[in-house]
Amino acid sequence: MNKIILDKNQKKVIKNNSKNLLVIAGAGSGKTLTIVYKIKKIINDSIKPSEILCITFTKAAANSLTQKLLKENINLKVKTFHSLGYEIIKTSKNVRLVKEDTLDNIIMKYLKKYQNLNSLIAAPFIEIGKGKSKKLKNEILKQSPYITYLKDTIKTFINLFKSNNYSISSFETFFQKNKNEHFITKQIRHNKFLKLVKQIYLSYEDYLEYTQTIDFHDMINEATKIVNNEGIYPYKYIIIDEYQDTSLNKCEFIKAIQSKTDAHLLAVGDDWQSIYRFTGSNLEIFTNFKKYFPNSKIIKLNKTYRNSIELLKVTRKFIMKNPYQIDKKIISNKTNIPIYIYYYNDFKKTWNKIVKKIKEETLVLGRNNKDIKHIPFLNEYMKYMTIHKSKGLEAKKVIIINLENTINSIPNKIKESEYLKYVLPSLDNYPYAEERRLFYVALTRTKSSVILLTPKENPSIFINELLKDSSKYIKIMEKY
């Protein structure tokens, strides 16, 4: 069995006894190994596994970390935020999880009877009914994709409303904000939207109460109230993985647990890989850690065991164009592995020639689920997934597709609805900031080279940027 050799910063994390510790872990820097060995150290210091609360964001990540701990003979079940919240709520209330489509159904019920949809939909990609009658305009608007766009906007608004700890009284603040910031025409439209969403939100909350059900946000919000009022099991250590994905209500949940237990906190993550803003994650909770957890220490894991030094130079320059990212100079012992750009006129022809040479584990990454439809075939070494799903994974090679300059490619250019500004954090509003982090995640999944497939006549703006800033590390393959 190979002996594990930890680098100096991993050792610092393991030895550090700060009350609140943030570990900024670059891609491929061995953060999971560090967490496992930190837990081993805590247990060796006479803290029982049952006194350690280890949390991450998805079932898959929780199961994976649980298995890695078992390999070190540590019987500690890693929880997700939602499973922990549900566990706490079940001690006080007899509730169950609401059906997934409930909110969609309630929204659609309201939209079907609402008479003035055309006064609400402000999608950037539609222009409706020049010269058409008002009645006909409304008939057009009731068709997909316009109704779907509005439904999804309302659903996202309510989910963000709940994940950011807003209450019903917050609508008064929203109305006032609208009055202060908008001229009369826009103000009227926003007022209508806010009134409609308020009605739908109240109807949804009434349904949850009547049926004794909760949604994913309630699992956090209700559990926080219970912890504040009744306390919680006396944990001595709280460890959070993927902390860059934390929302405000999850942060408040952790603060409530810590205030009742006086536990140490170790939060691990990478602000460069924060890609879930649309579900409520708030980058500022990570980048301004000391505001939320005073008297804290920060340690950076700055050595990657995955990417080459050349790829690191390219990706660091690229990601640091976002003004709110934390700078870190990541080092590597790997070298001389370039990025390949394949310009194509015929995607299928280019794909066939590339795939013939693929003889090792390869991740094929796209911006959207439907991008797989453009791929003629995959061989036995290849696996397709979206970039979002690839976070935390790695492969010998990576191929990135859908790198053209269109609305649904990388970067995705569909604008957030103007209505969401009431419930989204405003800090991270640099153009394509989240898409930039998403592309960074895609580039850093590789243990060797990256192949970027882009149309010769209409390449992604990110491709042009890489060539402008880092051309000496990029090999252009124009022969296909």
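The areas come from the Shrake-Rupley method with a 1.4 Å probe, and for residues only the protein chains shown count as cover.

The model is predicted, and local features need pLDDT of at least 70, side-chain atom pairs count only at pLDDT 80 or more, while totals for chains, interfaces and linings use all residues. Residues are numbered from 1 along each chain as its sequence is written, and side-chain values use heavy atoms, with hydrogens and water left out.

**Salt bridges**

Helices (H or I, at least four residues) and strands (E, at least two) are DSSP runs, numbered from the N terminus.

A salt bridge is counted when a side-chain nitrogen of Lys or Arg is within 4 Å of a carboxyl oxygen of Asp or Glu. Side chains of opposite charge can pair when their charged atoms come close. How many salt bridges does this rule give? The count comes to 35.

Next, select K151 and D104. These two form a salt bridge whose closest N and O atoms are 2.9 Å apart. K151 belongs to helix α7 (residues 146-163) and D104 to helix α5 (residues 102-113), so the pair ties together parts that are 47 residues apart in sequence. Are these two residues buried or exposed? Both K151 and D104 are buried.

K162 counts as buried because its relative accessibility is 4%. D215 counts as buried as well, at 6%.

Now select K8, K12, K290 and K297, which gather in a patch of positive charge on the surface. A patch is made of residues with over 30% relative accessible area and no salt bridge; like charges are joined within 9 Å, and nonpolar side chains (Val, Leu, Ile, Met, Phe, Trp, Tyr) within 5 Å. Of this group, K12 lies in helix α1 (residues 8-15). K12 is partly exposed, with 48% relative accessibility.

Remain in helix α1 and pick I14, which also lies there. In contrast to partly exposed K12, I14 is buried, at a relative accessible area of 10%. The C-alpha atoms of I14 and T153 are separated by 44 Å, and the two residues are 139 residues apart along the chain.

**Cysteines**

What does a search for disulfides find in the whole structure? The search finds 0 disulfides, a disulfide being a pair of cysteine sulfur atoms within 2.5 Å. Select C54: this residue is in no disulfide, and its nearest cysteine sulfur, on C251, is 17 Å away. C251 is likewise in no disulfide, the nearest cysteine sulfur to it being that of C54, at 17 Å. C54 counts as buried at 2% relative accessibility, and C251 is buried with a relative accessible area of 1%.

**Backbone details**

Go to I410 and P411, which are joined by a cis peptide bond with omega of about 0°. P411 is placed in the loop between β12 and α17 (433-443).

In that loop between β12 and α17, select Y432 as well. Its phi is near 60°, a positive value in a residue other than glycine. Y432 is partly exposed, with a relative accessible area of 33%.

End at S46, in the loop between α2 (31-44) and β2 (52-56). S46 is not a glycine, yet has a positive phi of about 80°. This serine is exposed, at a relative accessible area of 64%.

Terms used
Buried means under 20% relative accessible area, exposed over 50%, partly exposed in between (1.4 Å probe, protein chains only). Lys and Arg count as positive and Asp and Glu as negative; His and the chain ends are not counted. The place of a charge is taken as NZ of Lys, CZ of Arg, CG of Asp or CD of Glu.
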